[in-house]
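Morning, everyone. Please have the viewer open, and follow along as I talk.

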Amino acid sequence: MLRVHFTAEDFARTRFAARPAPLQELHAALTTAVTRSGGPLFAPWRGRVLRSLPAASSPLADLVPAGRPPSFLDVLDDTVAEGFERIRATSPVLVRSELERVHGAAPAPRWIHDLRGGDETAWHTLRRAQQAAYETVLAPVWSVVQDLHREEFTRYALTAAGHGVAAALTGLAPGSRLHEGVWEWPGAAPARDVRLDGRGLVLLPTFHHPAGPLLHDAPDRPAVLTYPAGPGLPPAAEGPAVSAEALAAVLGRTRLDALRLLAEPHTTTSLARALRVSNATASSHAAALRAAGMAATTRTGRSVTHRRTALGTLVAGAWPP
């Protein structure tokens, strides 16, 4: 069980990351690929990722010999370049202590020894590895991650505004509870007690790591809780590999037609007219797609408009622009 201990000051400093962080999402994705979490849904993606990762990304595995990466990798910047610059600005003392923690007494590769000593070539090796992994794993689906993050941000904001921070926190983790200032998340491994002590908490959804929270607790920084959001993003196939017949067998022919029509915004009435079904049936199809994260609905006065999301675009077989 994960137990996060809040003070009153921590509640005041708890915030939701405004945008996805590419390096955090990359590390979550690589964790899923290497640890084989996510079950059979992620198996085809995992195979593609492990086969396609370029040799330049292999040094990243040296940083996590026991599955616990050094804390200085936990950055929330908006781009890979900004994230790396923040990592590079880490104090040499923290870099050395974290590398010693993750490797312990085990022998480390030569470039890790050089990184511990501040060697610029070693830092270049790390930067090149992160960039190569990002271009392979995340760049093709980054617009989808951004759309999903906005939807998750909105859900959290509405819950916090309507029901309070406690409801918003427990809503992120089914089965968790907030009791006497302690947020308890059953089933999280390894079991940990984390005391925020006034530093606050940053909440960051991930769409590539479905197996539980990743809590990054670096000294003198707000703790960062990366949590699995909804069903996640079983990662996209390499292009439109799924046939219309296969999608229709899963979604149903009419619902697949609705998903394709929602490439452009439709009211319930216009969607019903295009599908040649009743308004109630069209509304039901839109609701099912919305619940699966493949469509979004906006309301302006009495007007309701549906449009598919970036995830819906991927499922329909066309890459987002």
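What share of the contacts in the chain with a separation of 6 or more comes from residues 24 or more positions apart? The answer is 66%. Keep in mind that this is a predicted model.

Now the overall picture. The chain has 321 residues, and 45% of them count as buried. Its secondary structure comes to 15 helices and eleven strands. The accessible surface is about 15,700 Å². Carbon and sulfur atoms account for 55% of that surface.

Find helix 6, residues 92–103. It has twelve residues. From first C-alpha to last, helix 6 reaches 17 Å, close to the 16 Å expected at 1.5 Å a residue. Which residues of helix 6 are buried? They are Leu94, Val95, Glu98, Leu99, Val102 and His103. These residues cover an arc of only 145° around the axis, so they sit on the same side of helix 6. What covers them? The cover includes helix 4 (59–62), helix 7 (110–116) and helix 8 (120–137).

Next, the inside. In soluble globular proteins, nonpolar side chains tend to be buried together. Here, the largest nonpolar core has 72 residues. Leu63, Leu126, Trp183 and Leu203 touch the most other members. Helix 8 gives the most to this core, with seven residues. There is also a second, separate core of five residues, and among them are Ala17, Ala21, Leu204 and Val224.

Now a loop residue. Ser71 is in the loop between helix 4 and helix 5 (80–88). Is Ser71 buried or exposed? Its relative accessibility is 8%, so Ser71 counts as buried. Not counting residues up to four places away in sequence, Ser71 touches Leu94, Glu98, Arg101, Ala218 and Arg221. Leu94 and Glu98 are two of the buried residues of helix 6.

On to the sheets. Strands of a sheet pair through backbone hydrogen bonds, either parallel or antiparallel. Four strands here form an open sheet, in the order 2-6-8-7, with mixed pairing. Which strands stand at the edges? Strand 2 (15–16) and strand 7 (214–216) do. Each has a single partner strand, so one side of each is left without a neighbour in the sheet. Look at strand 6 (residues 201–206) and strand 8 (residues 223–228). They run parallel, joined by six bridges. Leu204 stands opposite Thr226 in strand 8. And Leu204 belongs to that second core.

Now go towards the end of the chain. Strand 10 (295–300) and strand 11 (residues 303–308) run antiparallel, with six bridges between them. Thr300 stands opposite Ser303. This hairpin has two residues between the strands, and Gly301 takes a positive phi near 60°. Strand 11 also pairs with strand 9 (residues 266–267), antiparallel, over two bridges. There, His266 has His306 as its bridge partner. What are the two faces of strand 11? Val304, His306 and Arg308 make the covered one, while Ser303, Thr305 and Arg307 make the uncovered one.

At 9% relative accessibility, Met294 counts as buried. Its contacts include Leu251, Leu259, Leu289 and Arg308. Leu311 is another of its contacts. Met294 and Leu311 are 17 residues apart in sequence, yet 5.4 Å apart in space, C-alpha to C-alpha.

Most residues other than glycine have a negative phi. Which way does Asp197 go, positive or negative? Its phi is positive, near 55°. Asp197 lies in the loop between strand 5 (192–195) and strand 6. At 62% relative accessibility, it counts as exposed. Arg276 is not a glycine either, and has a positive phi of about 60°. It is found in the loop between helix 13 (268–275) and helix 14. At 80% relative accessibility, Arg276 counts as exposed.

Methods:
Residues numbered from 1 in each chain as written. Predicted model: local features only at pLDDT ≥ 70, side-chain atom pairs only at ≥ 80, totals over all residues. Heavy atoms only, no water. Buried < 20%, exposed > 50% of the residue type's maximum accessible area, 1.4 Å probe, protein only. Contact = heavy atoms within 4.5 Å. Areas by Shrake-Rupley, 256 points an atom, 1.4 Å probe, with all protein chains shown as cover. Expected span 1.5 Å × (residues − 1). Arc of directions from axis to C-beta. Core = buried A, V, L, I, M, F, W, Y, C linked by side-chain atoms within 4.5 Å. Pairing = 2+ DSSP bridges.
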